[in-house]
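Subject: Two-chain model for you to look at

Hello,

I am passing a structure on to you. Please open it first, then read my notes below.

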Amino acid sequence: MKRAFLVFIAVSLYISVNATKVTIHAVDRSAEDVFAEIMAQTNLNFVYPSDLLTDLTVTVDAKNKPLGKVLSAMFKGSDVTFRIKGDKVILMRKAKPKPLPLPSAEPIYVLPAAEPSEKLEEVVVLGTRNQSIALDATDNGTITLNNSNIMNTPVVGGEIDIIKTLHHQPGVAPGVEGFAGLLVHGGENDENLITIDNVPVYQSGHIGGIFSAYNTDVIDKVDFYKSTFPSRFDGRLSSVLDVRTKDGSTESHHGSFRLGLISGAFNIDGPIRKGTTSYSFGLRRTWLDAILAPTMAYINSREESLKNYLNFNFNDLNAKIVHRFNEDSKLSAGIYYSSDYFKGGTDDIFGTDSSSTTIYNEKGRTKLRWDNLAVSLNWTKRFSDKFTGEFTAALSRLYTKISSKNILNNNFNDPPTYDHTFVRLKGLINDWILRGDMAWHPDERNSVRFGASFTNHRIEPNSMIRESLWDQKKYSSRYISEVLKANEIRAYISDDITLTQKIRLNVGLSGTLFSVDDKIKTGISPRFSIRYLPADKLSIKLAYNRSTQFIHQISNTYISLPTDQWVPVCGDLKPMSADKISVGAFRLFPHGISLSAEAFIKWQHNIFNLIEYSYLLPNESSWISALTSGKGSAKGLDFKIMKETGKVTGHVSYSLLWADREFKDINGGKPFPARFGNRHKINILLNWRINDRWQLNAAWTGMSGNYVTFSPQVWQSPELNLGYTSEIPLFAGINNYRMPFQHHLDISSTRRTTHGYWTFSVYNVYNSHNAIAINRDYHNGRPVFKKVAIIPILPSISYTWLF
Amino acid sequence: MAILKYIISPLAILVLSGCTKIFDPEISGTPVLCMNSIIEAGEPFEVELTHTWVYSELPKNIHVDDAVVRLYVNDKFIENLEHDSDKYVSTYSPESGETVRLVAESSTYGKAEATVTVPTPPEYSIGDFRFKVLDKFALEIEPDIANGYAKFILSLPITLSDTDTEKNYFAFSFNMFPTADYETFDRQPVYLSCYSNDYLYDPIFTERISVIDTMSGEVEDYGIPLFTDSKFREEDYLLNLRLSDCNLRINDADMNSIYDTGIEISVSSLSPELYAFYIYRWNGSDELVDLGLAEENHAYSNVSTNAGIVGAISTKRHTISLTEYTTPIIQNPS
């Protein structure tokens, strides 16, 4: 491993090293992150071993200082030294190499070094760390984002967002524009495994999915797998989003406070015990309720008899304590809590008698609350130079509660009557998780990972209590859903094998036993990927990936709502599975430019959909009867050209996609296109670091519209006993119409100040009317079709104070 | 999905402009035959034939006059229906248990057919009812002329009986009489009205809230007057019809006359197809669908062209006289 080096390059040779100056402020930050920031500020070639900066934290405070001085300060007291030679900056260890780093979430992909470290200067300079990993690894479609990638992507409302950053990647679609859907290679929203610090979370959005439920300020790194999944991940068909939060500093306290138009965030971290124990805490909270309160008060002041109430807020909380027993052992405890709260209603006074006494007074209130909780205890241990392990005990919980109350005081009756209706719904999914993940490096050619997990699921789809008191008569009904208990045992093993300098192989197998309803369902997920290096800067890859999914979501909307219910695969239904074959190529060019292309084909089996007339199934039916299983397929091409170094970075990407579904009971058994199977998708993302103070980001997205079920024709219904006819849409096939091409340009700019930075952003700069639905309506008395667009031009501003 | 409207409100306030523009989707499709008919057991029936049209291009006349409509009962040809002013009329009266097949062919719009079985009438009985006057007052006193108002409660125990193992579908309605005539009600000597609907809280009337909507947070607790026998298969079910907001209106009524008053209870057996179509109609539109955030329900149709509904109904009516209770009020409203 120690001879395995990754080499990184920045572009533009016209500036000499000695003249290069950088500005950076970091307190106990990851050396990798700080170094990435320095690389982005310079135009030099950086060469260093892949594991050199892992686990190293640095403190540096430099404003327009020469690079050499900054690096000296940065690596003071560490075993890292540097040398500047020509346009290259070479980093190396002072003394003997450290043993293997503690295992991280990502596989340790390395490029076999042709030469030992002493001859670093002769190593071919290939690109940035991400590019080198992409070149060397066997997998296709893996994307690593850090905090700065996320911050530099303009999004709706200026709310920096992991998932919306991913929307700019090829093969990833948002679903409905502006929402934080995650639709990967023609998959569905519930087919993505989202984990925070190794714990799966179920609810990924706020406000119906407009914002994702992750405070990006606390994120250290995000790994996104959209084609080839490491064997340690299974359970979802489309993608894996592995989010890791930052560890707090063990040396000093620091933090940030951000205030935007929609939310504010406060983050702080520091030592509890210097050198060994740290904490980190992050809180994001919307302050929409602070806006809504005076707004509603103003509206209500203009209306005597009708008062409206609206209150809404969401928040995300992350807290983490990390203790290092020694260099080989680390214990961390973390909590992630995310919630939405909504309360709305009316007070309606109607009817007064001659003495102005109120006759009817009706109060209605509805409350919604949904909480997402992930608590984890994680122990990381290096048993030897070759063997490390990570052990996790966790709880993941999604709880939803909806209540609605209506009270009618009727003074007309003598004596006055009091009527009320009350409905309460609760939903719960509760997972207790134990897992162990091991990394074993028996020799330089093999990197073995294996592990096992046990998850106890307790799932309660909405339980409902309905109670009415009407004219002194009480009515009540209760719909208590069955508590579904399921146990999931999973084991996996994979080996990353360097066969020759040119050929690298990854083979893995994951097996799952899932017991529910006294039945045991099984899933075997083999994985295979191979990389061939026909030339120094070119890799070609072939991968096969099978995934199995035992829990899925029942939803009758396209957005993320608290009413969506996660349910296990019950009864005679089989687990969902997908087989995917992908072929990819990755090419590095000078100046940090890379080109990647990937073609894939995917077959989905036993996927679920609501039956066509599910609205006819009475509430006493089993929800299983509302489901039908079928198959799907997707094929396409992802293409991306990317520049990762220099003052101007960014990428241009293109996706081509065909995605179909086929269910025996839907659409007459005929295949139909997936709703979000956007045939063409183009993304252009540019980040321009103008100077030390200013950065400009621009993102243009253009894509084929979503498919919708559209009925151009209508028929006239019979009057029945309603006394009137109406126009009924004539079913013409599911997802039979593709909405017009949609596109928007979003820009954002960051201006650094002494104590922080301003962020200005404008979403949909040229106010493109991107239609997401077609309605039947009237205009001047004539029937017309109208297309509905939801997000106009939307400016925003925020300030982040660093301390 | 009614609960979701509560969520969509803040969505709309936050970012949804809900901006709409007139739009030409540039697809049309071929018009097809639409066949509508509600067959009542023991009665001749009508078939209405229209054609579908592109919503934004409403033609002046959608009726189809050039068709031949053939009636088959239990797979036996019975007759061609007679065309009579926009309708096709049968002379045959289908009976309960008969399977009716209608085949319509138009040289312009092609062919449509549908099959329905006429259901057997429901079994039910009405027990002793209670009539209670809550309040009454006279508006004006004149010799032998009554003007006034009474508010009363009527309580009717209805026992529904299910005798077979099949799932059966029903509709419930009642009508008090004399009813108010829309144009002459202020000159009608006596009329009854009732605004109660609290009986719809009975669990048998809330089946229209589907299992998926229930799971998805549908909190509406109000039913529609449709039900099935799924809660009382091969059993009896007692439906307490409590009508708490009933009114007797008296306008210049002759105190010495007897005015017949009463309530007519109707329970109808519906063919499953007609029940399904009613449910579709009752579900109505949805805010999320309008915004493109949810899928529109498919309209239910049992016609081969997916346009129209051919349903059957078999009704059993029961009339209860309230004259003996209303007469004393008319004679002495104060």
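Over which ring does the charged end of Arg101(B) sit? The ring is that of Tyr72(B), and the charged end lies 4.4 Å from its centre. Please keep in mind throughout that this is a predicted model.

**The chains**

Chain A has 803 residues, and 58% of them are buried. Its secondary structure comes to 6 helices and 46 strands. Take the contacts in chain A with a separation of 6 or more: 67% of them join residues 24 or more positions apart.

Chain B has 334 residues, of which 53% count as buried. It holds 5 helices and 19 strands. Along the principal axes, its C-alpha atoms fill a box of roughly 70 × 60 × 45 Å. Here 73% of the contacts with a separation of 6 or more are between residues 24 or more positions apart.

**A sheet with strands from both chains**

An open sheet of 3 strands runs in the order β44(A)-β45(A)-β1(B), with antiparallel pairing. The edges are β44 (771-779) of chain A and β1 (19-22) of chain B. Each has a single partner strand, so one side of each is left without a neighbour in the sheet. On average, neighbouring strands of this sheet are turned by 35° against each other, direction ignored.

The step between the chains is the pairing of β45 (residues 782-789) of chain A with β1(B). This is antiparallel, over 4 bridges. Ala789(A) has Cys19(B) as its bridge partner.

**Thr52(B)**

This residue is also worth a look. Thr52(B) lies in the loop between β3 (46-51) and β4 (53-54) of chain B. Its relative accessible area is 0%, so Thr52(B) counts as buried. Its side chain makes a polar contact of 2.6 Å with the side chain of Gln713(A).

Leave aside the neighbours within four places in sequence. From chain A, Thr52(B) then touches Gln713(A), Val714(A), Trp715(A) and Leu730(A). From chain B, the contacts are Thr30(B), Pro31(B), Val32(B) and Ala307(B).

**Rings**

Trp715(A) turns up again in a ring cluster.

Over all chains, the search finds 35 aromatic pairs. One of them is Trp758(A) with Phe760(A): the centres are 6.2 Å apart and the planes are at 15°, so the pair is stacked. Trp758(A) is partly exposed, at a relative accessible area of 35%. Phe760(A) is partly exposed too, at 30%.

There is also a charge over a ring in chain A. Lys580(A) lies over the face of Phe600(A), 5.0 Å from the ring centre.

**Strand pairings in chain A**

Which strands does β46 (residues 794-802) of chain A pair with? One is β15 (residues 254-259) of chain A, joined to β46(A) by 4 bridges. Phe257(A) has Trp801(A) as its bridge partner there. Another is β43 (residues 756-763) of chain A, joined to β46(A) by 8 bridges. β46(A) runs antiparallel to β15(A) and antiparallel to β43(A).

Elsewhere in chain A, 5 strands make an open sheet in the order β6-β13-β14-β9-β10, with mixed pairing. At its edges are β6 (142-146) and β10 (199-200), each pairing on one side only. Inside the order, β9 (residues 192-196) and β14 (residues 239-245) pair in the parallel sense over 5 bridges. Thr195(A) stands opposite Asp242(A) in β14(A).

**An enclosed strand in chain B**

How many residues of β15 (residues 190-194) of chain B are buried? The count is 5 of the 5, so the strand is largely enclosed by the rest of the structure. Both faces are covered. Val190(B), Leu192(B) and Cys194(B) are buried on one side, and Tyr191(B) and Ser193(B) on the other.

β15(B) runs antiparallel to β17 (residues 236-254) of chain B, with 5 bridges joining them. Leu192(B) has Leu248(B) as its bridge partner in β17(B).

Best wishes

How values were computed:
Residues are numbered from 1 along each chain as its sequence is written. Chains are lettered from A and ligands numbered from 1 in the order in which they are written. This is a predicted model: local features need pLDDT of at least 70, side-chain atom pairs count only at pLDDT 80 or more; totals for chains, interfaces and linings use all residues. Side-chain values use heavy atoms; hydrogens and water are left out. Helices (H or I, at least four residues) and strands (E, at least two) are DSSP runs, numbered from the N terminus. Buried means under 20% relative accessible area, exposed over 50%, partly exposed in between (1.4 Å probe, protein chains only). A polar contact is a pair of N or O atoms within 3.5 Å; within protein, one must be able to donate a hydrogen and the other to accept it, and residues adjacent in sequence count only if both atoms are side-chain atoms. Contact means heavy atoms within 4.5 Å. Two strands pair if DSSP finds at least two bridges between them. Rings of Phe, Tyr and Trp (its six-membered ring) pair if their centres lie within 6.5 Å; planes under 30 degrees apart count as stacked, over 60 as edge-to-face and the rest as tilted. A charge sits over a ring if NZ of Lys or CZ of Arg is within 6 Å of the ring centre and within 35 degrees of the ring normal. Axes are lines fitted to C-alpha atoms, for helices over the stretch in contact, and angles run from 0 to 180 degrees between N-to-C directions.
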